[in-house]
There are 2 protein chains.
Amino acid sequence: MTQQINQETLGVEQWHSLAQQLRVDSIRSSSGAGSGHPTSSMSAADLLAVLMSKYLRYDFDKPENPNNDHLIFSKGHASPLLYSVYKAAGAISDDELLTFREFHSRLQGHPTPQIPWVDVATGSLGQGLPIGVGVALAGKYLDKLPYRVWVLCGDSEMAEGSMWEAFQHAAFYKLDNLTAILDMNRLGQTRETMDGWHGDHYAARAEAFGWHAIQIDGHNPEEIDQAYAEAQDQTDKPTVIIAQTKKGRGVSFLEDVDGMHGKPVAGDEVQAALDELGSSDDLLVEVRKPDPGSGENFSAGLTGELILPTWEVGDEEATRGAYGLALKALGGAREDVVALDGEVSNSTKSEEFAQEYPDRYFEMFIAEQQMVSAAVGMSVRHRVPFASSFAAFLSRAYDFIRMAAISRANIRLSGSHAGVSIGEDGPSQMALEDIAMMRAVHGSTVLQPCDANQTARLVAEMADTDGIVFLRTLRPKTPVIYDPSEEFPIGGSKTIRSSDEDAVTIVASGITVPEATKAADELQKSDVAVRLIDAYSIKPIDSDALREASQATGGKVIAVEDHWPEGGLGEAVLSALSEESDILHFEHLAVENMPGSGKSEELLDAAGIDASHIAAAVHKLLNA
Amino acid sequence: MTQQINQETLGVEQWHSLAQQLRVDSIRSSSGAGSGHPTSSMSAADLLAVLMSKYLRYDFDKPENPNNDHLIFSKGHASPLLYSVYKAAGAISDDELLTFREFHSRLQGHPTPQIPWVDVATGSLGQGLPIGVGVALAGKYLDKLPYRVWVLCGDSEMAEGSMWEAFQHAAFYKLDNLTAILDMNRLGQTRETMDGWHGDHYAARAEAFGWHAIQIDGHNPEEIDQAYAEAQDQTDKPTVIIAQTKKGRGVSFLEDVDGMHGKPVAGDEVQAALDELGSSDDLLVEVRKPDPGSGENFSAGLTGELILPTWEVGDEEATRGAYGLALKALGGAREDVVALDGEVSNSTKSEEFAQEYPDRYFEMFIAEQQMVSAAVGMSVRHRVPFASSFAAFLSRAYDFIRMAAISRANIRLSGSHAGVSIGEDGPSQMALEDIAMMRAVHGSTVLQPCDANQTARLVAEMADTDGIVFLRTLRPKTPVIYDPSEEFPIGGSKTIRSSDEDAVTIVASGITVPEATKAADELQKSDVAVRLIDAYSIKPIDSDALREASQATGGKVIAVEDHWPEGGLGEAVLSALSEESDILHFEHLAVENMPGSGKSEELLDAAGIDASHIAAAVHKLLNA
């Protein structure tokens, strides 16, 4: 018999019954699947029962309602609990609940936005809270809407540094619309956490980072109720509710038992567990919809004329400089564009945007994980975030970028100071793996301009490109070779040198374009004609142009890049050429040895990727 | 005139003079280079003056002295200060100091172990302290030697979550041999830090994480002296000295001035700055050598007989299971082998080692950045660390792995649960970018076994392989196909199927080996012979075998992998084949679409990388 829970009938008894149902359903779904995390779900059932029935404001019929609260399971493995909440809210049927973890079911092992009420994918621990910070930043500073962000956190994930980045940034930005619910069930996957049930440890840390902390018994609905009320009443501070709980709560042979992580209940124990929890009615919760409010979803696109900066052919400018100015121009033309930086905005040049549009610029300090997470959170709220740092330091956030792709997030990343061309700072600051890293992200776009006008055009296109879009910029100035009127579609390329006599194709990108140009000009003097392709779009790469060039030059192709040999431009070119069978005479110039400090020219020479080495490679291919 | 500072002449006046000299030299070297970070060096000069002259125990003639303290500049951009310390210690000449940032100088923009007194490369912020935790773990629990670990930290890098992983782990492991020196100079690269000069914020956080915290005036030598003494006297707790300082201290036009980060003093201002600091004598510090002690460097290698686990052909075992048992066997034969895990040891199976050798197992909880850093720190102390987690979660530590290569660290990483074959857990747990990520690490080795005996052999070889060595293991069981007596040299491959009639070469690795074997057997029934290569060594890859096979099969090659198409096995094969010119008819089977949950077989099928798809690709190539 279905029984409706609503505000009038709310009370300890209903909360207990609802929590038991969430536990029952967590066991049923995971036992049916034969895998999953029922015990990690059961510990937080009381917390969710009170939240969904009294505090959460959510219109399940309109997940895009801008006034909806945001509920993020940072402990994504508690997905059985989340899906049981959806069932109790009437959003999914019991039949669907039991498709948990089946092929083609949207109820995957860990939540993903295939489910309309899930904002972001979780399952890599320590990501839900920093993303929640991003959503809360959007709520407080961009949307300026009263929705709240509720993040269910596990205690094991408190060991991830990213959680403390989130704590620090949330306090700095006074995110009183953010509540972290810490399900302190003491037990990790293989053992007790470092802090066990010492809620005072977590409270002291949270307070030291500037949060309001509340310690409660996480199985006492009245204490839970009181804590949520207190969290809502906070101003200028985020709140963490540290809830002491027991993993497997409610079933004697599961409760606080080590070694039960990620194990479904099986066999006769299923019925025994359900018997202990009590056969419940089919409780249905009337989750409160948000007040109609004035919120609208942001769908800006162009709101003004886009006047990109331009440079004259023959000028010199760093692509990072062009990025900064183009981003500022974009900010003027599109209100949905926001920028974030890892406290290097005078290097990445996102400072141009920051100075012009301080209300849409978010300083993320030296915390690249939080920076990317905040961008993901803002993309949940329909903003077009550009997050910038040194390309080398984006490697700090690789797990977050990987997960952002699973989240179907639309974020733009700008990585400056690519390759050995940066010079004196040395290898710690040189991105030499970033193209490999970013290519191997599902659905990503990887761009590397070589001049300022090209950069500006690509920045404008990035705003219209879905998925994870990466722009690789350079520290040194490069000559402006393209007219401001030229267009650079994503997936395209530019053939810079071409004739009927071309003997070899050179594929370059970024800093190697001017080097290859010098080589081509030098070779021309000895009557060697080469075709030179600027592969500014590394993913997707312009396979047609590459294959056509290869055919025109008898399969003689050189790829030259300021990157390790693996996973970069060279292998992208090989993959493109291998799509059709052909003879291939391939030379790959890349950074083979660990660079040190030195002048840009010295390092390009030492790496064997400057004009003279390119010319030598041409001769080698011709003599082969 | 050279003047010797030693214990007898020590005092406030000498400390001040020494600090001024360190500032002068920081300015001279960076002004000469035309780049670098003098102001970030000047803020910490007093801290280093007192440390090097009274507390540091270091034999600069014998950097490998096991009793030496360890001095790590987590704020690596303060390299001018570090090099000035080396000069003041008599370790380098003034002439060499002035080679700062020159091509081929070992005094690079950021410190690297090209310098014998530098343990690890720094320059990506937030890494020195977690690595220091690793060295301190080795000191307290492995070497059991009284050396101390001193880590100079910047306040900007306190925004990196990895610093708080270090704080938490150092306290958990009671690292009283570790002192963090926080140079709280207030100013980051572009602005004030989140906490400015609020030393109380840092102190409260450190204490909440279990550290002893001391707040001092970082320009007062007596307070600094007192703080170091107090840090040394701590038992069971690490200490952080929170030193309030001024960036650019000592020069009126640099001191506490925003906008001077990373800018050398230039032109007339150089002499003006030196004048303000006072022309100092050439002070030389007699850095105290460590007590002779009983310490010896660990150089174990085989200390017992290595009896690897074996399986019979036809058995079934997961490669992760074989990894665990082989690691345990290795632990019995080599005392230098230690293991770390990100609290998933019952998934990665490093629990086998943990249970047998608990004294050499370090639980790093869910903190992959700290896990890799600790491994790097232990490799500094000549241990052979194996760090394990899900391969997907190693992406969390990519920046640390990248830097470990610059550190010339020797670490072994085991990443389990690779690819869609894991099944129901879904994409957040599936490593599909790990091969791309690990290949694009300088000097790395990337291995993927397909059966248990092969895994065991490779684990043994990993211990003898320098650099960053990555083993990719599988969740599901796979059939044992190799005899225990077979050997699998790194850089080699195994040709599993071969005949004179081979029409197509199939290159597989890991889970796709059994799939390709099934396909080959099926094709054989219709008289299609294929050559099947097990590329267990993905980097270095067996180029000779691949080219020979390609030539034998008319350039018809299929690569099949449980990984995104970019940067993985397929592109490694293409790179190898492209080393020599040839006709190529290439088919690449990889995971193209975002997977969900499901059974392993369902997901391999959906990704188009199972036996039936491999067979289809063979037919496609034959009919091309």
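Visitor: Is H104(A) buried or exposed?
Guide: This is a predicted model. In it H104(A) has a relative accessible area of 69%, so it counts as exposed, the cut-off being over 50%.

Visitor: Where does H104(A) lie?
Guide: In chain A, in the loop between α5 (94–97) and α6 (128–143).

Visitor: And what is the phi of H104(A)?
Guide: Near 75°, which is positive, and the residue is not a glycine. Most residues other than glycine have a negative phi.

Visitor: What about D236(B), what is its phi?
Guide: About 70°, also positive in a residue that is not a glycine. D236(B) sits in the loop between α9 (221–233) and β6 (239–244) of chain B. Its relative accessible area is 45%, so D236(B) is partly exposed.

Visitor: Backbone again: which peptide bond to P540(A) is cis?
Guide: The one from K539(A), with omega near -5°. P540(A) belongs to the loop between β19 (537–539) and α20 (543–552) of chain A. In chain B, K539(B) and P540(B) are joined by a cis bond with omega about -5°. Most peptide bonds are trans.

Visitor: Switching to the interface. How many residues does the contact take from chain A and from chain B?
Guide: 97 residues from chain A and 98 residues from chain B. Between them the two chains bury about 8200 Å², with 53% of that on carbon and sulfur atoms.

Visitor: Which three residues supply 10% of the area that chain A buries against chain B?
Guide: F103(A), M194(A) and R396(A), more than any other three residues.

Visitor: Now something inside. Is A45(A) buried or exposed?
Guide: A45(A) is buried, because its relative accessibility is 0%. A45(A) lies in helix α3, residues 45–55.

Visitor: What does A45(A) touch?
Guide: Leaving out residues up to four places away in sequence, A45(A) touches A19(A), L22(A), R23(A) and L81(A). Its C-alpha is also 9.0 Å from that of V85(A), 40 residues apart in sequence.

Visitor: Last one, the whole chain. How many helices and strands does chain A have?
Guide: 23 helices and 21 strands. The radius of gyration of chain A is 27 Å, close to the 25 Å from the globule rule for 624 residues, so chain A is as compact as a globular protein of that length. Buried residues make up 69% of the 624.

Definitions and conventions: Residues numbered from 1 in each chain as written. Chains lettered and ligands numbered in written order. Predicted model: local features only at pLDDT ≥ 70, side-chain atom pairs only at ≥ 80, totals over all residues. Heavy atoms only, no water. Helix = DSSP H or I, 4+ residues; strand = E, 2+ residues; numbered from the N terminus. Rg over C-alpha atoms; globule rule 2.2 N^0.38 Å. Buried < 20%, exposed > 50% of the residue type's maximum accessible area, 1.4 Å probe, protein only. Contact = heavy atoms within 4.5 Å. Buried area = accessible area lost by both parts, 1.4 Å probe.
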